Amino acid sequence: MHKGPTVFGKFFDWVDHRTGYRSFKDAVLLEHISGGARWRYVWGSCLAFVFILQVITGIMLMWSYSPGDSTAWGSVYFIQYEMDFGWLIRGLHHFGSQTMVVLLGVHMLQVVIAGAHLAPREFNWWLGLLLMGVVLGLSLTGYLLPWDQKGYFATQVATNILGSIPGIGAFLQKILVGGPTYGNHTLTHFYTLHVGILPPLLVLLLVLHLVVFRRHGITTPPVSHGEGVLNRPVAVVRDFVIGGLIVGVCLFVGVHIVTALTMGGMFWFFGVSRFFIQKRDVEYFWPGQAFRDLVACLFIFAIMLTLVIWGGHGNKIETPPAAEGQEPGLYERMAQAGRDGLGANLDAPADPETQGYPARPEWYFLFLFQLLKYFEGPDFLIGALVIPNGAMLLLFLLPLFGYGSMRKFGHFLGIVVVVSLLLSAGMLTLLALAEDSPTPYPLNLGGGTKDARERKDRFDQAAIEAKRAVQLAASAKPGESNIPQEGARELLRKDPLTKGPKLFEMHCGVCHKFSPSPNRPDYKGWVEKEVTPTGVIVRVFKASDLADYGSEKWIRGLLDAPADPKNFGLTKLDGMKKWREKINEARADWLKDNAEEGKRRIAEQEEKFDLIAKWLAQQKLERKFRDKQLEIEGTKAFEHKGFGYCRSCHTAELYKEDKKEKGKYVYEEDGGSDGPSFVGYGSQEWIRLMVMSPALRYERENHMPAFRPIDGPGAEALRQEFQAQFENTPVMPLSDIDRELIIRWLTRDYRVVFGGQTISAAPK
Amino acid sequence: MADQERRTFLKFCVHGLGAVFAAVLGVPVVSYLIDPRRRQTAGGDLRPVSGIRLTELRMEIPVQGVIRDIRRDAWTLHPNDTVGRVWVMRTRDGNSAESFRVFTTECPHLGCSVNLNSDPSTGYTCPCHNGQFQLDGERIGHNPALRGMDSLEFEVDPADPDQLLVRFLKFRQTLAEKVVRT
Ligand code: HEM
Ligand code: FES
């Protein structure tokens with residue numbers, strides 16, 4: 001800093017006199033680097049840089065994160081999708097952890113290639129290994145914090161491995177997890193480890209690592225003794241080849257091209273720079289090496305940015321387009337880019353109720369995950385504990401092979417061990433990826449199996465649920481989200497689109513079919529014969545097909561063929577069947593009397609049926625949304641005596657001209673009561689009555705059980721009253737919320753159900 | 001001297017690149033930290049007061065009512081939560097704008113909830129720093145508050161003569177004048 005007579009200078013002189021900071025600074029910056037500054041020394045600094053970035057972004061996240069079973073997902077959601085630049089902060093932290101793991105590998109490789117793990121630097125190697133353990137610990141604990149499905153299920157594998165340690169394992173697991181199952185204390189424990197224990201430990205180890213490092217200085221590669229400079233063209237070609245290889249591998253495993261090119265570009269930049277750099281024999285850290293370190297760090301930062309921006313890891317929130325003149329400006333668009341899908345991945349909220357979630361750890365732990373697959377039964381411990389810990393032990397022992405005449409061998413052994421460990425880990429990772437791939441990998445690496453395709457379905461479903469959860473949590477206005485205080489998992493549990501079909505299958509599907517329908521592109525349907533990977537499921541139905549129930553087409557189909565199994569064919573409901581028989585007989589007579597005239601009359605009747613179907617299909621709407629002309633025409637057809645006379649059995653809302661006032665139309669509820677009422681036919685209220693009290697709709701002929709909540713206070717009284725009135729109708733349990741979920745799904749109203757109240761209005 | 005120049009150049013680059021990086025990270029970090037500035041206070045619309053039937057109010061005796069509304073707490077949505085309380089007092093017969101007096105219970109000093117004295121005719125006392133107010137909200141005696149209790153705009157529900165509607169707002173504390181807090 002400034003010295004001398006300026007005010008600044010005097011101030012710093014004064015500070016230096018009291019603190020001695022200048023000599024401290026010099027001691028730090030003026031490290032001797034014999035052989036001069038080099039690109040190959042940057043990796044350690046890059047690691048430290050990313051760690052500092054993790055600390056900064058981590059503290060930012062703590063500003064808004066809330067560990068807790070009902071709050072964690074919501075708070076991470078809020079960071080990622082609602083807070084200004086939250087997507088960037090979280091994205092950098094998310095990819096920072098992955099970057100650190102990669103850099104650890106590179107740093108380690110560079111250390112053994114230089115032989116820097118050998119005497120007198122053993123302690124530094126050991127400290128490095130401890131640092132690696134801490135970083136992996138941070139990654140593992142961090143992965144759980146968002147409390148999404150992926151972290152929740154993958155981390156259980158890790159804590160179960162802890163539990164498998166003979167003797168003390170079960171105890172340790174219970175303490176770490178904070179009880180027998182995952183919950184609030186799992187999060188508080190992991191959170192404390194992640195932000196309160198492991199980072200300070202890492203800082204401590206890092207400081208020791210650096211102090212010990214300074215004692216012996218950097219290990220210069222053998223080539224710099226003697227000729228002093230590595231043959232320049234060779235180095236340039238090498239850099240270009242490394243860069244190219246990296247780009248190739250990245251593209252192969254599906255990394256975005258911008259990211260791949262930034263990674264490769266770093267090495268190409270190193271290569272090109274060699275034409276401008278003069279090597280010197282001795283140089284200080286400052287500024288030559290510092291400059292290189294900084295450039296490399298900025299490259300790393302740029303790579304992380306490309307991952308956050310182009311990684312495609314977030315989910316886009318679909319919102320209605322902004323009103324004219326209210327479009328977000330450039331700042332808003334950038335600050336809230338999380339809503340466009342930028343940032344880090346957030347899976348659906350953790351839900352212990354989930355069946356068969358395909359838990360996968362973060363990619364850098366996949367090799368350990370894959371290793372587990374090769375050991376059966378009691379051999380499990382070999383894959384889970386013996387091999388990984390054996391590898392660590394081997395790494396710990398490496399420096400001991402560096403004494404005296406063994407040194408050359410030790411150097412060689414280090415390279416062999418580290419390279420083969422990295423290669424095996426890489427290979428196992430590739431195998432794990434291949435095994436999950438629905439299309440086969442080249443070279444018979446795996447994939448393309450039935451299991452993999454099935455798992456792909458499960459992954460796809462998880463992705464759909466993740467997207468849906470985010471959509472339900474968001475409101476149209478950035479900064480306002482709709483997560484209930486019971487916790488984010490309730491969003492999907494009470495989402496008609498997600499839960500409706502499952503509940504339908506469980507409660508209604510025992511009797512009702514649901515054919516695949518173009519109106520439900522995301523539902524596979526519920527049919528007599530389903531081929532699943534585990535075998536063929538055959539179902540026997542006893543009632544109508546409810547696909548598109550209440551639509552014009554459905555009603556028209558019923559009028560055509562009430563006895564068809566997809567209508568009332570399987571039920572004991574006879575009214576409509578008899579009606580149709582009469583129609584058919586009459587038609588046969590018409591044709592017999594006069595073929596021409598008969599055909600005309602049939603066509604006329606068919607038109608009337610079309611009209612009735614159309615009219616009945618709009619009864620589910622509120623009166624004000626119904627087509628008035630159709631109401632008038634429909635009422636006429638409903639009352640038409642030519643065929644069977646609907647109103648002799650059914651009651652409907654008739655829309656007719658007022659008797660007193662000409663030209664004025666009024667509603668009047670009238671008709672018979674042998675068949676079900678058409679008042680509000682197909683509406684949620686109609687279905688609700690049908691579900692809770694089918695006998696009110698179909699009286700004696702009814703065979704559908706009544707579905708009611710039967711375990712709340714007061715429910716028993718209602719049940720007994722109901723049975724007293726309808727003794728033949730069995731009562732089945734169905735909670736209010738589950739019933740509403742089914743009804744909303746049937747009527748394609750996909751808003752979340754909240755204790756019967758709609759809180760979230762996803763597009764209808 | 002060439003070496004000196006090279007060193008100077010490199011130092012310049014290091015400082016420059018460092019500054020660029022600090023800006024790229026610094027702007028988002030600051031925006032993120034001050035994100036709460038975008039969050040809005042609940043209220044502002046006419047809301048029904050629950051717990052009070054206007055026709056049953058006795059003259060000059062304040063009764064406390066509750067205002068419920070949507071409340072957003074960062075990520076959590078409370079669809080129907082208590083967002084505030086009001087003291088409502090009848091001052092005259094009928095249901096006109098002069099028939100009632102409505103105050104928020106939030107003390108204008110530092111925001112504690114103001115209590116009605118056990119003898120209602122003597123007015124209100126704040127439990128925190130003994131701010132005392134008359135029934136008309138004016139300050140009494142030596143008082144830490146710089147203004148009287150904050151009155152709120154109200155209307156009687158045209159469809160229900162028992163139902164009071166209040167435009168519930170929060171006001172900044174400690175000031176001598178009433179300023180809405182957003
Ligand atoms: C080398 C250091 C670190 C690594 C490897 C690391 C790793 C991780 C990982 C993998 C996650 C999950 C991220 C996600 O899925 O979005 C995470 C989350 C988190 N980390 Fe770190 N972390 C490190 C340091 C820190 C530090 C120092 C702090 C705070 C002082 C911190 C605070 C947090 C918080 C609050 C979360 C939860 C929010 C979220 O998931 O988005 N981390 N960390
Ligand atoms: S807050 Fe009421 S007197 Fe201080």
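User: Which residues line the second largest cavity?

Analyst: This is a predicted model, in which local features need pLDDT of at least 70, side-chain atom pairs count only at pLDDT 80 or more, and totals for chains, interfaces and linings use all residues; side-chain values use heavy atoms, with hydrogens and water left out. Residues are numbered from 1 along each chain as its sequence is written, while chains are lettered from A and ligands numbered from 1 in the order in which they are written. A cavity is a set of points on a 1 Å grid over the protein atoms alone where a 1.4 Å probe fits but cannot get out, and lining residues have an atom within 4 Å of a point. The residues asked for are Thr104(B), Glu106(B), Arg147(B), Asp150(B), Leu169(B), Lys170(B), Phe171(B) and Gln173(B).

User: How many charged residues does the lining of the second largest cavity have?

Analyst: Asp, Glu, Lys and Arg count as charged, Ala, Val, Leu, Ile, Met, Phe, Trp, Tyr, Cys and Pro as nonpolar, and the others, Gly among them, as polar. Besides two nonpolar and two polar residues, the number of charged residues in this lining is four.

User: What is the volume of the largest cavity?

Analyst: A volume is the space filled by probe spheres set on the grid points, which are joined across faces, edges and corners. The lining includes Trp73(A), Trp147(A) and Arg489(A), and by class it has five nonpolar, four polar and three charged residues. The volume of the largest cavity is about 70 Å³.

User: Which residue in β3(B) stands opposite Val66(B)?

Analyst: Strands β2 (residues 63–73) and β3 (residues 76–90) of chain B run antiparallel and are joined by 10 bridges. Opposite Val66(B) stands Arg85(B).

User: Where in chain A is confidence lowest?

Analyst: Confidence is given by pLDDT, from 0 to 100 for each residue, and its mean over chain A is 89. Where pLDDT is low, the predicted coordinates should not be read in detail. Confidence in chain A is lowest, at a mean of 50, in strand β10 (residues 757–758).

Key. Two strands pair if DSSP finds at least two bridges between them. Helices (H or I, at least four residues) and strands (E, at least two) are DSSP runs, numbered from the N terminus. pLDDT is the predictor's confidence in each residue, from 0 to 100. On a 1 Å grid over the protein atoms alone, a cavity is a set of points where a 1.4 Å probe fits but cannot get out, and a pocket is an open set with protein on both sides within 12 Å along at least five of seven lines; lining residues have an atom within 4 Å of a point.
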